[in-house]
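Please open the model in your viewer and keep the selection panel at hand. The stops below take you from one selection to the next.

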Amino acid sequence: MIEDNVKTITLDSPDKPADEDTLLEVRGLRTEFRTTRGRVAAVRDVSFNIRRGQRLAIVGESGSGKSAMAMSIVGLIQPPGRVTGGEILLNGTDLRGMTDRELSAVRGSRISLVFQDPMSAFDPIRTIGAQLVESIRAHQPVSNRVARRQAADLLGEVGVANAANRLADYPHQYSGGMRQRVLIAMALANSPELVIADEPTTALDVTTQAQVLEMLDRLVTDRGAALMLITHNLGIVAGFCDSVKVMYAGQLIEESDSRALFASAAHPYSRELLKCVLRTDRRQEGLLSTIPGTLPDPTEAFQGCSFEPRCPLGKGNATCQSVEPSLHTVQGPQGIQLAKCHFAGQHELKENQ
Amino acid sequence: MIKMILKRFGLAAATILGASLFSFFLLRKLPGDPARLIGGDLADEQTIATLRQTMGLDQPFPLQFWNYLSSSLHGDLGFSYSTGQSVGTLVQTRLPATVELGMSGVFTAVVLATVFGAVAVYRKKRGADILLRAASSLAMGSPPFWLALVAILLLSVNLGIFPGPEGRLSPGIAPPPTFTGFYTLDALKSGQFGTFFDAVRHLILPAFTIAVGPFAFLSRLFRSQLRNTLREPFIVVARSRGLTRGSVFLHHAVPNSLLSLIAVTAMLVAEAMTGSVLVEKVFGWPGVGSLTVDAILQKDFSVVQGVILLSAALYVTVSFLADVVYSAVDPRIRAGVK
């Protein structure tokens, strides 16, 4: 039923068309979950490119499909979820056509993941060292001793004091922030080309957040890896990522250069998101801003724009209610932006529309 | 740590004391007079009264219990009215047979349950899963003594694959020199391979009979534990590090799921040793179980009491051992984390 009213849209992305610089190319990715109320699409025809060394932020509220998209890319979407369409090309090779064994060789080696909850990310009954060594030896033909030395170096690199001795410690002997560092060390163990960090700082306190981001930043730069940072917090995106893609209800609805987005978001949803960022450099009156309403129920078929019921601009507008917007190109003050909105780039509706 | 150990010992002592008090009380209140049993139907009242006096049966109940307790603590569990042997010796000669049988049974159950449970979950084949669950339902519902009878009828009497209910060895084969009391191990140690194979042949049927119940229980438990573990976040994280499905299953899912089997297995060991009473009887296994059945039939107080005391001690020891094993294999417990 959802299939009927979703048109496949060919994106005219601000990313340059796929060329030698393109690391990952996602085309028409669609991920569905089988539920008691039918099949629900968590990711709906998402397309984008990541260039080598690029830092891309995927921003959206909880349930917008960010994590489902990340897990789909590495083929780890858990049942009842399933990737039902699209291509995921890493250096031109489609990951979807790979066997589990082939994909395993990619995961943790060419594409690494950093997860949200460092507390539950480790096997509780194996030492940190054993798990690091395991990750290294899964991809590199090295002896246990060599892998252990590498593991100690990695731990030291992410700022774990007394690294060689701490290899023998178990996960519960590490604090949350330290565990997140270890996760990052693990992700970087085999020099990945792409690091996907799924809300890596959400479970951490603010000081640790800053440290972890800084470390991620440094390590990605040092190794020349591309970074895909998934977050619901626009605040940490500024100054950290080159470009931002905003996700809403399983679709990318705005794709902009990071500076362009913060200067002037093209999609009304992005603007609402920006209003929700707590700014310490500005005095804020009253309550923190929120976006009224919730994400559309994915099990229910809808027509038109998925953001229409919550949109300050198009709510009640006949076009928004009936026609699904395609990706419009907008010349913003800081460059070209793309937005899936009938009124992309407009901050107010003109009377005649 | 010391406080915890003291607490555990206190608890253990209380358990054993409670069990012995309960059995002591129960046995005294059952109809029937042991003095009459010993004296025989023809003995006159005077003889019986004298017997009662020498046995201490004329004393008030609390005093009897006190006497029993204090002599127990000195290692004297009394003597069997029916055989005249001391309970300690009786139990000692019978215990190895029971332990050998119970351990083999539970060991078989654990191995089969983990292998079948793991295969059923890993293969994701619904058929294998349904088969396992059906088999375990059937097994859980079958009383062991009935299984024992069926096994003997089918595999021994009709097919002749296994020996009949003749105990631990074929008639005419001498037991190996005692070292552990386990015939299989003792035979191996002294190099008597003929005796070893005979002992194993005799062990297989009763051990499998005992294994059926624990297997049914453990395989279900392990299956559901595995499925739970596979849903843990660290499993997906391990996959994201590039480990294959099989590797994650074997190195992370299985060990974590096995942890939860320890406590249950410990209880099953205790149960197999104390609860295999009827199975032992059916197979003519000269263990504590047979001893108990005979003692109950003959109202042999001291023996029954001794066995109950032994069972209580066994449960306490086994659950203590389970804790020790836990702290050895689970780093969180070792460190005192909840």
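In what order do the four strands of the open sheet in chain A stand, and in which sense do they pair? The order is β2-β1-β4-β5, and the pairing is antiparallel; strands here are DSSP runs of E with at least two residues, helices are runs of H or I with at least four residues, and both are numbered from the N terminus, while two strands pair if DSSP finds at least two bridges between them.

Before going further, note that this is a predicted model, in which local features need pLDDT of at least 70 and side-chain atom pairs count only at pLDDT 80 or more, whereas totals for chains, interfaces and linings use all residues. Residues are numbered from 1 along each chain as its sequence is written, and chains are lettered from A and ligands numbered from 1 in the order in which they are written.

Stay with the sheet and select 38-51 and 93-94 of chain A, which are β2 and β5: these strands stand at the edges with a single partner strand each, so one side of each is left without a neighbour in the sheet.

Now colour chain A by domain, with 1-100 + 193-353 as domain 1 and 123-191 as domain 2, bounds that come from an automatic or database domain assignment. Across the boundary, 10 residues of domain 1 of chain A are in contact with 10 residues of domain 2 of chain A, contact meaning that the C-beta atoms, placed from the backbone, lie within 7 Å. On the domain 1 side, select helix α8 of chain A (residues 206-223), which gives the most to that side, with six residues.

Move to the contact between the chains, which takes 21 residues from chain B and 26 residues from chain A. On the chain B side, α10 (233-240), α11 (245-259) and α16 (331-334) each supply at least two residues, and the largest share, seven residues, comes from α10(B).

Methods. Two residues are in contact if their C-beta atoms, placed from the backbone, lie within 7 Å.
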